[in-house]
Structure formats: C-alpha cells, structure tokens
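This briefing covers selected features of one structure, grouped by topic. Please read it alongside the sequence and the coordinates.

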Amino acid sequence: MLSCKINGEEIHSEIPSDMRLIDFLREEMNLTGVKEGCSEGECGACTVLFNGDPVNSCIMLAIQAEGAEITTIEGIAKDGKLSDLQQAFIDHGAVQCGFCTPGMILAAQALLDKNPHPAEAEIRHAISGNLCRCTGYQAIVDAILAVSQRK
Amino acid sequence: MAIVRSTEPHAFITGLDFSELPSDILYFTAKDLEENIIEDAIEDQPVLAYDKVRFYGEPIAIVAADSHQKAVSFSQKVKVKYQKLPIVETPKQALEPDAPLLFEKGNLLSEFHHEKGNVTESFEDCDLILEEDFHLPIQDHAYMEPDAAFAWMEGDVLSIYTSTQNVFHDQRMIARALGIPLHNVHVMAATVGGGFGGKDGHTVQIFAALVAYRTGRPAKIVISRREVFIGTYKRHAVDLHLKMGFQKDGTFRALSSTAYLDTGAYAGLGPAVMGLFSEHLGGPYVISNVKIDSYLVYTDKAPAHAMRGFGAPQGAFATESLINRAANILQIDPIEIRMKNALTQGALGTLGQKMEHVVGLREALEVVRDSDLWKEKNTNQDPSIGFGIAAGYLSCGLGKGVPDSAKVEIDREPNGDFTVRVGLVDIGQGNATALAAIAGEALKVPLEKIHLIMADTTQTFDCGSTAGSRSVFIAGNAILAAVRDYFSHPETGRGFAETEFPQSKTDLNVIGFPHAMYTFIAQAVKLKLDPISGQPQLAGIFAATEAGKVINRLSMDGQIQGGIAMSIGYTLGENMNYRNGIPDNQRFTVYILPTAEDIPPIQNVSVELYEATGPYGAKGAAEVATVVIAPAITSAIESIRDLKINRLPLDFEQILDAKEKGSVC
C-alpha cells in the first residue's frame with residue numbers, strides 16, 4: 001500500500017513493488033503530463049517535484065514516494081488559472097512541441113521556490129537536466145527570468 | 001506492442017522461431033502484410049525484414065500482448081537465425097569493386113553530376129586555390145517524443161493516431177501494406193513531440209495498424225529511446241573533397257566537389273537529400289565555374305533521410321570553411337568577401353538557377369556587421385577568445401517537378417466563427433499559430449474566432465508533408481485564396497481553394513530541383529577556447545535571417561534559436577558513430593545533446609523583405625538556421641589556434657594537442 005500526496009490530494013493505492021513512479025503517475029493516476037523521453041534519467045521529460053525537489057520519475061520506484069508530496073504539471077495551475085511560469089512560457093514562446101515543457105516548468109518552479117531571483121547562469125544550470133530539442137533554450141530562459149524579475 | 005529487431009547489421013534471415021511464446025502472446029511477420037513495402041519515392045524498404053537484414057535494429061517481427069511489459073519480455077524470447085554477411089561500413093568501401101552488396105542492383109543508389117562554365121581552365125586563372133577533405137557525421141533527430149502510434153477498428157474502418165509529419169502519406173502506406181481501401185484508413189496526427197524530418201516517413205504507424213487490423217483490438221506502440229537511436233532515420237554522413245579557387249580581390253571563381261553521401265540501408269528521401277546537398281553546396285554566392293559530382297551510397301546503417309537542413313549543412317560546412325580560410329589568407333574581412341560574392345535577386349546560383357524571388361543576404365550580412373557581437377571582434381584582445389561568421393541559404397518548397405500544393409476549406413459557423421481545414425501537421429514549430437493568424441487577418445476576425453482543424457485524413461484535404469520549409473507558405477497562400485473565394489460568395493458560408501508552390505523557371509532536367517525560392521542567413525559566434533580541455537565555450541551567437549515578412553516574431557525567433565542549437569550539437573559532439581555495423585551511441589548518456597548550459601544566448605534579427613508570392617510576404621523559415629553555425633564555430637576556433645578543422649563533431653583533445661601550425665583536425 002502506497003500512501004502519498006499527489007498534487008495536494010491524499011492517495012492510498014495498492015501497487016506492485018517494482019512499479020516505477022512514472023508508470024504509477026501516468027497509468028494509475030492518469031497524469032499524462034509526465035512524459036517519458038529516455039527511461040534513464042537523462043532527458044528530464046518525466047520531471048516531477050518530490051517534496052519540492054525536481055526528480056526523474058522514470059528512475060524512481062513508486063514505493064519511494066511513501067509519505068512524500070508529489071507535484072506534477074497538472075498540480076501547477078490553481079483553480080483553472082495558469083501559474084506565472086506557465087503564462088510566461090506562453091508569452092515568451094518557450095513552448096514548441098511541448099514534450100519537454102511540463103518537466104521544464106517543474107524544474108524552473110523548484111528553482112524559483114528556493115531562489116526567487118536567480119542569475120541567468122543559475123537558471124541555465126537548474127534546467128540543464130531537462131533536454132529541449134526545439135527551442136535552443138533561449139525563450140525558456142527568458143520566460144523564467146521574466147517571472148523571477150517580476151517578484 | 002514490441003518490435004523484434006535485428007541484432008546483426010547484415011545477414012540473411014534463415015529462421016524465425018516463436019515457439020516460446022504462449023498462445024495469448026501474438027506475433028506478426030512479413031507474411032501478415034498484404035504488401036511488404038514502405039510506400040515512398042524509391043521502394044526498397046520492407047515494413048518487416050523477411051529474407052535479409054541490412055542494418056542493426058531493423059524490424060523483423062511484431063509482438064503484441066495485453067501489456068507493454070509482457071510484449072517486451074516475450075519479444076526477447078523470439079529466436080532469429082542469421083547467416084552473417086560481411087558489412088558495408090562506409091560509402092567509399094561500398095563502391096569498391098569487390099564490396100559486399102546490400103542489394104543485387106549494387107551499392108550505388110544514385111548519382112548527380114553538374115558542370116557550369118569551365119572549371120579546369122578557371123582554376124588555372126585563380127590566385128588562390130584551397131582544397132580539403134571534409135567529413136560530416138551521422139546525426140540523430142533526437143526529437144524528445146519517441147515514435148508512437150495508437151490504432152483501433154470501428155467496423156471496416158481503421159483509425160489511427162500517429163506521431164507524424166504527414167497523415168496522408170501514413171494513410172497511403174497503411175492502406176497499401178494492409179491491402180485495404182484508402183477510405184477505410186483514417187489517420188489523425190497526435191500532438192507531435194518534435195519531428196525535424198525524422199517523422200516524415202514510416203516510423204511505427206504500420207505496426208500499430210497491422211495489429212489493430214489483424215486482431216480487431218486497440219493497439220498502442222511507443223518505442224524506447226534506444227530503439228529511436230538504432231532503428232529510425234538519421235542525417236546523412238558525408239565525405240567530400242572540395243576545391244575552391246579565388247581571385248586576389250576575393251572573387252569566388254571556381255568550385256569543384258566530389259561527395260559521397262551515406263544513405264544507410266534504404267533510400268528513404270536520400271535521393272532528394274543528395275539533390276539539396278548539391279544545390280546548396282556552393283552557398284548563396286555567384287560562382288561562375290562549378291563542377292559537382294555527388295554519389296548516394298548504401299551502407300549497413302539505419303536509413304538516412306530528411307533532417308532539418310536536408311543536406312545543406314554538410315556542404316555548407318566545407319564551403320564556408322574554405323571561404324573563411326581564403327578571407328584570412330587574402331586578408332579580406334570575412335563579411336566583405338561574402339558581400340562581394342553574395343547572390344542578389346535575379347542573379348544565378350551555383351547550379352545556374354535564377355534567384356526569382358527576394359534575396360536579403362547582403363542585408364543580413366550588414367546587420368551582422370553592425371551587431372555588438374561582431375563589433376567586439378575589433379576590440380577584444382583576449383587571445384583565448386575568437387569570433388567566426390558564416391552565411392548560407394536554404395530552399396523553400398519541394399522543388400521543381402514535385403507535386404507541391406495545398407487545399408484548404410473555410411466554413412462559417414452559425415455563431416460567426418470560422419472553421420479552417422488544413423491537411424498539414426504542426427510538429428511543434430508553430431505553423432498552427434501562423435496559419436490561424438493569417439486566417440484571422442484575412443477574414444478580419446479576432447484569433448479566437450478561428451478554429452483550425454489540421455492533419456486529419458477525413459476532415460481535411462491532402463496538403464502534403466510538413467517539410468521543406470513549406471507549410472506556412474503553401475497553406476498560408478491556400479488560406480488566403482480560400483478567403484477570397486469565401487468573400488466572392490459569402491452567402492454560401494464556404495470558401496475553398498487549392499494553391500501551388502511557385503516553381504523555378506530554370507530547367508535542370510532533374511526532378512526536385514532547383515527550387516524557386518530561398519531563405520538567407522548570416523550567423524556570427526563568439527567563443528572562448530578552454531585551454532585545459534580544448535572545448536569551446538560559446539559566449540554568444542548573433543543571427544540575421546531573411547525569410548520574407550515575419551508572421552509571428554516569437555515563432556520566428558524560436559525557429560532560428562532552435563535550429564542553431566541543433567547544429568551546435570552537431571558541431572560539439574552528436575555522432576551516431578558505427579563500429580562493425582553497430583552504433584556506439586544508443587542512449588542520451590553517450591549521445592550528447594546540448595543542454596541549456598551548452599547553448600549561449602542567441603539573438604536573431606529578421607531582415608524583413610516582402611516576398612510578393614508569399615502569404616503576407618512570408619517565406620519558409622523552419623530549417624535555414626541549422627545550415628551554417630558549425631563553420632562559424634570552427635572558424636572562431638581556427639582564429640585562436642592555427643589549425644584546420646575539417647571534420648565534425650569536434651575532437652577537443654585533438655584541437656588541444658595540435659602542435660604544428662595548420663594541423664588538420
């Protein structure tokens with residue numbers, strides 16, 4: 001039995017002990033904003049927040065989430081309103097194909113939660129575990145910078 | 001679903017043994033297909049290999065179960081018996097007289113020869129002749145979303161979501177392989193997680209369709225990243241010898257090239273790639289005497305195919321490198337030497353093709369010359385910092401003689417909104433945004449009143465592929481024509497039009513080229529060479545792009561920045577290196593994509609010339625940015641260390657260890 005909090009909601013679920021966290025989130029919880037790009041923790045598309053820290057859910061077991069608080073991209077918008085980061089990604093053209101976007105936003109959110117006014121180099125470092133093949137990262141960095149400078 | 005793939009790069013299949021599969025695990029082979037061929041311009045690739053495998057990772061059989069895990073684990077219990085064959089590793093080896101043959105017809109798939117002016121004589125008149133051998137590696141598209149499809153049956157109709165660049169091609173491929181009528185195959189594009197050319201053909205569509213059709217049950221396939229690396233299309237590796245002759249004043253007088261393009265085990269779009277390679281090889285310049293000999297050759301590797309830039313980056317690396325070295329030797333500013341030879345409207349390109357449309361190369365070069373990044377070149381005295389520039393162009397559209405049209409329908413809804421039907425896929429580059437904006441502007445309604453329906457074989461008309469930097473141009477024009485049709489009889493509530501891409505008036509008697517129109521770029525880079533690692537640290541890139549009028553500035557800049565980043569990867573380390581027929585790099589751990597820390601700030605400035613034939617003055621823009629950043633980077637390194645970089649990706653240790661002046665890396 002796995003007990004954890006996912007996007008603010010208490011979850012209790014019977015799961016196989018060898019189930020990966022990404023499969024639990026996608027297949028059991030239907031949180032398909034968690035994307036699988038490489039299955040070995042290199043691309044970051046499966047990034048979720050684990051007690052506020054960005055982790056690759058493809059290389060974690062679901063049972064490791066026991067007692068933890070997990071946030072996926074589905075938990076970022078509040079009451080149907082996009083978060084500042086989500087809106088900034090749209091405004092800056094930081095989304096092209098969109099496959100890396102959920103992980104990218106969560107990695108950026110984790111950074112801003114701990115360091116609200118990062119330098120550009122700190123932003124680039126914080127998202128360096130999240131690969132994007134479309135944008136060349138410029139618009140993503142611009143979007144994160146814009147949010148950090150607003151507060 | 002899971003795919004049984006070849007573990008041999010070149011072998012006869014002498015037996016397939018499925019005896020270890022329980023009865024609830026299903027398997028499918030070539031025998032289950034009505035016609036075992038992937039529909040394409042050259043039809044040499046089976047959907048599933050049956051008598052012979054020609055590359056490591058080639059699909060042989062499909063295993064289906066009620067879970068992905070089960071399918072994968074039982075696919076490993078399928079035994080394939082092989083009779084190994086000697087491997088063809090490089091194009092040059094492939095053309096040796098006693099080389100092993102991939103196909104009975106021989107390993108040479110296609111060749112292209114073009115001569116203009118008098119190359120032999122003109123080289124004799126040159127003040128400076130440079131010639132070198134260049135090598136460009138195999139690059140993977142590395143779209144973030146692995147190839148996927150989901151198919152199901154409803155009565156006689158097979159419906160399928162695909163991750164694709166062309167739903168109508170998918171429909172034809174599936175109908176033919178399964179032997180069912182076209183109208184019984186309904187293809188819709190899912191939200192595509194990147195394509196870059198790699199999803200402009202068969203990836204997994206027929207596999208999912210086959211299982212759904214044979215079982216009547218829904219079938220889902222998503223391949224692993226390793227399968228993407230070993231089993232899907234690639235950018236062509238090229239070996240070329242390039243010779244260029246210059247006059248003292250910097251005039252490009254003559255160019256000759258012999259190139260071997262490695263198309264891997266199957267043709268894919270290889271012949272068209274060789275065409276664009278040859279067409280773009282000389283760069284966006286006037287060169288009166290040109291001889292180009294190109295050979296497209298089979299080897300035992302994953303098929304090379306379309307990839308953003310489509311053959312242009314390989315040739316441009318060689319040409320731009322020699323131009324930069326010539327400028328240095330002749331002591332002419334690298335921007336001035338390009339200005340002097342730049343194509344202008346009405347001029348003839350290296351194949352003799354007339355520039356029939358706006359040409360903004362000189363304007364782009366001027367913008368770079370005036371940029372802060374380039375001006376710093378004259379003031380920065382740090383010996384570990386270098387600056388480099390290159391210029392290039394890329395055609396828009398599919399080329400002369402290739403069907404290149406779009407059909408669009410517009411319907412006014414009862415509430416006054418408009419539905420716009422476009423049979424193209426948005427693969428992430430934002431053509432949906434641009435097309436909706438064009439429709440809104442033309443219909444004089446706000447964007448939220450435009451409802452685009454795209455890429456659905458039932459609800460839209462065939463508009464061809466999202467490829468060739470054509471989608472906004474061709475569908476934009478079709479939308480404008482459909483809006484004119486609507487306004488000519490608004491009472492009907494419907495507008496419809498079909499438009500054609502402009503064709504070049506130059507005739508070269510080869511299908512697919514030349515092209516009528518090109519997009520132009522000039523790109524400059526500033527970098528620091530790390531004295532310890534030999535690795536360049538990119539400090540900034542400034543790009544100037546002429547793609548006609550810009551429809552959406554954010555999308556435009558995003559295309560340029562993304563294209564540059566893709567070719568930074570090509571320069572710094574991406575390489576599908578094959579050893580004994582097996583790729584070294586089958587994972588992101590070893591096939592290194594650039595991260596946000598590897599890519600410097602990239603600024604793009606658009607030179608907005610009005611292209612009269614384009615929608616609101618636009619040309620295509622999706623691919624051009626990939627073409628020349630590599631030679632700009634290597635030129636910056638060559639300005640710091642006196643050496644010649646003639647191959648990609650960079651070998652940092654070799655750069656660091658090069659002791660002698662003029663060493664070739």
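The model is predicted.

**Sheet**

- Three strands of chain B form an open sheet in the order β1-β5-β3, and their pairing is antiparallel.
- At the edges are β1 (2-5) and β3 (26-28) of chain B, each of which pairs on one side only.
- On average, neighbouring strands of this sheet are turned by 25° against each other, with direction ignored.
- Three bridges join β3(B) to β5 (residues 59-64) of chain B in the antiparallel sense.
- Opposite Phe28(B) stands Ile62(B), a residue in β5(B).

**Helices across the sheet**

- Helix α1 (residues 68-75) of chain B lies across β1 and β5 of chain B, and its direction is at about 15° to β1(B).
- Helix α5 (residues 205-215) of chain B lies across β1, β3 and β5 of chain B, and runs at about 45° to β5(B).

**Helix pair α12 and α13**

- Two packed helices are described by the angle between their axes and the distance between the axes.
- For helix α12 (residues 431-443) and helix α13 (residues 471-488), both of chain B, the axes come within 10 Å and cross at roughly 25°.
- Angles under 35 degrees count as roughly parallel, so α12(B) is roughly parallel to α13(B).
- The crossing of α12(B) and α13(B) is right-handed.
- By class, this contact of α12(B) with α13(B) has 11 nonpolar, three polar and no charged residues.
- From α12(B), the residues that meet α13(B) are Asn431(B), Ala434(B), Leu435(B), Ile438(B), Ala439(B), Ala442(B) and Leu443(B).
- On the α13(B) side, the contact is made by Ser471(B), Val472(B), Ala475(B), Gly476(B), Ile479(B), Leu480(B) and Val483(B).

**Leu650(B)**

- Leu650(B) sits in the loop between β28 (643-644) and α16 (652-657) of chain B.
- Is Leu650(B) buried or exposed? Leu650(B) is buried, because 20 other C-beta atoms lie within 10 Å, and a residue counts as buried at 20 or more.
- Leaving aside neighbours within four places in sequence, Leu650(B) is in contact with Thr571(B), Leu572(B), Ile645(B) and Ile655(B).
- Between the C-alpha atoms of Leu650(B) and Arg484(B) there are 52 Å, and the two residues are 166 residues apart along the chain.

Definitions and conventions
Residues are numbered from 1 along each chain as its sequence is written. Chains are lettered from A and ligands numbered from 1 in the order in which they are written. This is a predicted model: local features need pLDDT of at least 70, side-chain atom pairs count only at pLDDT 80 or more; totals for chains, interfaces and linings use all residues. Two strands pair if DSSP finds at least two bridges between them. Helices (H or I, at least four residues) and strands (E, at least two) are DSSP runs, numbered from the N terminus. Axes are lines fitted to C-alpha atoms, for helices over the stretch in contact, and angles run from 0 to 180 degrees between N-to-C directions. Two residues are in contact if their C-beta atoms, placed from the backbone, lie within 7 Å. A residue is buried if 20 or more other C-beta atoms lie within 10 Å of its own, exposed if 12 or fewer, and partly exposed in between; C-beta atoms are placed from the backbone. Angles under 35 degrees count as roughly parallel, over 145 as roughly antiparallel, 65 to 115 as roughly perpendicular and the rest as oblique. A crossing is left-handed if the near helix is turned anticlockwise from the far one by less than a right angle, and right-handed if clockwise. Ala, Val, Leu, Ile, Met, Phe, Trp, Tyr, Cys and Pro count as nonpolar, Asp, Glu, Lys and Arg as charged, and the others, Gly among them, as polar.
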